[in-house]
Amino acid sequence: MSEFEGYKIPPEHKAEFTPDEVNEMRRAFQAFDINGDGHIDAEELKSILDNLGERVSADSLSKMITEVDTDGNNTVEWNEFCTMMHNIRNGKGEAALGQVVKKAAKMFNVEGAGGATHTFSEDEKNAFTLHLNNCLGKDPDLAEKMPMDVESMALFDSCTDGLMLCKLINLAEEGSVDERALNKKKNMNVYQKTENQNLAINAARSIGCQVVNVGAADLIEGRPILVLGLLWQIIKLQLTSSISLKDCPELVLLLEDGEELDDLLKLSPEDILLRWFNYHLKQSGSSRRVNNFGSDLKDSECYSILLNQISKCGLVGAGDDKTKAAKVIANANGMGVESFIQPNDIVKGNKKLNLGFCAQIFNTNSGLTITEEELADFDFAGLDLDDAGDTREERIFRMWINSLNIEGLYINDLFGDLCDGVAILKVMDKVQPGIVAWKKVNMSPKNKFKRVENCNYAVTLAKQMKFSMVNIGGLDICDKNKKLILGIIWQLMRRHTINILTSLTPGDKLVEDKEIIAWANNQVQKSGKSTTIRNFNDASLSSGVFLLDLCSSVEPRAVDPAVVTNGAGPENQLNNARYAISVARKMGACVFLTPEDIVEVKSKMVLMFVASLWSCSLSM
């Protein structure tokens, strides 16, 4: 059967499009129709937009579809798609969806597995291939794949077994994947590839990637737009993870009048990079300013000023935009930047690749200098940047919230981002859909009174959800009371996990802790192992042995007995804990905890691990 079977051009539009144009339209429609059901729905449109680097609201998505949906079924079918393209060609309308299609039309089409056609940016494919060659080219486990031909489709073939993705994740966040849990042999079967891809997806979530509508099978198939979307998120985290006050206290130089250190913590790495860029432009005496990573950088003038300000390499001088861009890249390389951007990417205003280039320049030489005496004027102690316990828990909860992929919400600073009440209400509505009456919420609170009003409402709903809220008021959230905020988020995380587990078990009653413990003990006992736990505070959990026995009882192939130690001593405990987390993730469990949480027997984190594993076992 032809790949275009069922996608015939309507008779009324047949004469105006050439055969090649019709084929391009069919390919575009198929690329948007991710599940192949012949309809483009809001979820599929959102996935495409996410991978194009565009963030839009649910209302905007709905409007895009409504504009071209003539039969009122809330989806776009092939005939409607053709009519939309006809209208755009004839100047009868510039539907928002049509603009997305136009942007996607600038991308490259390739036939994938099974004759399916995928759409993706060739520029980004080439750039990511070069970056992976630079970062992982000397890894012995990838020797047969490296270096990849930048101009070929080798990137997608190389990612099908999950090994390269996991290696990249470890570059973004060291220790996220325990390589002992990876399958590394040359000719992996589907089960082994699936394990690696599950591990990559769940480890990516654990470091802050928002992985939506991507499964192990998609990555094994090598679906370009999904592979590139995940790769970009990981690469962005790799390049921006050190753009923080903790790693670069010199960032205090970017504070604006009236701001405090807390205000910097709220900023995303992208916003910090823009401030940093403009700081150097201002220091140079230039009147130019950068407000985005796209059009403002196309002429390379700002890049030229930035690099000269940092490294005194000289301005790039006259020339066309492409020539100047090439000189900018050469100057950056001369100061040690291992760039993967190309001159055309700058000229085209590619936001992703420009962001990556800026981050690489910052990481190589930020050009920010400040004396110890000047730093002493700032109250870093009040930020608890080195408080390992709080920081660890805050980070886990932040990554969990980000993994929920809540519209318009990405948490950079848990306490700062939740203090106006809006974000925590969005999390509550995700955990228990419909609980928030949004008419009661001040979506853009302008003063503390409005913020406290939102936070009070969040406390009311938390009590409605039967959470423990003794001596907790809205003012505590608004004033960033860390202990109390962590307590609320923990209860939300627990409820979310229990809700998932309850939906997979008989009855409507929420699963209780004692039932989870009973399941775990019974599961291990059935497998012939003798380890047991009394509760989630059981000291024996610190060895990691019980958790590995539990993993093995659910899927014996997932655990290599030769890797498991008896858990005697701190080093063996940590090794078992690291291995258990990666094993659970490669089995498909989305767990949010650190090895230290297991060794220290943090009961609430261990509870989440076991509950997630039970949910996973019911879905296998």
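This is a predicted model: local features need pLDDT of at least 70, side-chain atom pairs count only at pLDDT 80 or more; totals for chains, interfaces and linings use all residues.

Start with Lys602 and Glu600. They form a salt bridge, with the closest N and O atoms 3.9 Å apart. By salt bridge I mean a side-chain nitrogen of Lys or Arg within 4 Å of a carboxyl oxygen of Asp or Glu. Lys602 is partly exposed at 36% relative accessibility. Glu600 is partly exposed too, at 43%. My cut-offs: buried is under 20% relative accessible area, exposed is over 50%, and partly exposed is in between, with a 1.4 Å probe and protein chains only.

Residues are numbered from 1 along each chain as its sequence is written, and side-chain values use heavy atoms, leaving out hydrogens and water.

How many salt bridges does a search of the whole structure find? It finds 32. Take Lys348 and Asp123, whose side chains meet at 2.8 Å, N to O. Lys348 lies in helix α16 (residues 343-348) and Asp123 in helix α6 (residues 122-136), so this pair ties together parts that are 225 residues apart in sequence. Helices here are DSSP runs of H or I with at least four residues, numbered from the N terminus. Asp123 is partly exposed, at 24%.

Now Arg223 and Asp218. Their closest N and O atoms are 3.4 Å apart, in a salt bridge. Buried or exposed, what is Arg223? Arg223 counts as buried, at 15%. Asp218 also counts as buried, at 17%.

Next, helix α8, residues 163-172. Of its 10 residues, 9 are buried, so the helix is largely enclosed by the rest of the structure. Among the buried ones are Leu163, Cys166 and Lys167. What do they pack against? The buried residues of α8 pack against α6, α7, α9, α10 and α11. Contact there means heavy atoms within 4.5 Å.

Last, helix α18, residues 372-375. Glu374 lies in it. Glu374 is partly exposed, with a relative accessible area of 39%.

That's my tour. Questions, please.

Terms used. Helices (H or I, at least four residues) and strands (E, at least two) are DSSP runs, numbered from the N terminus.
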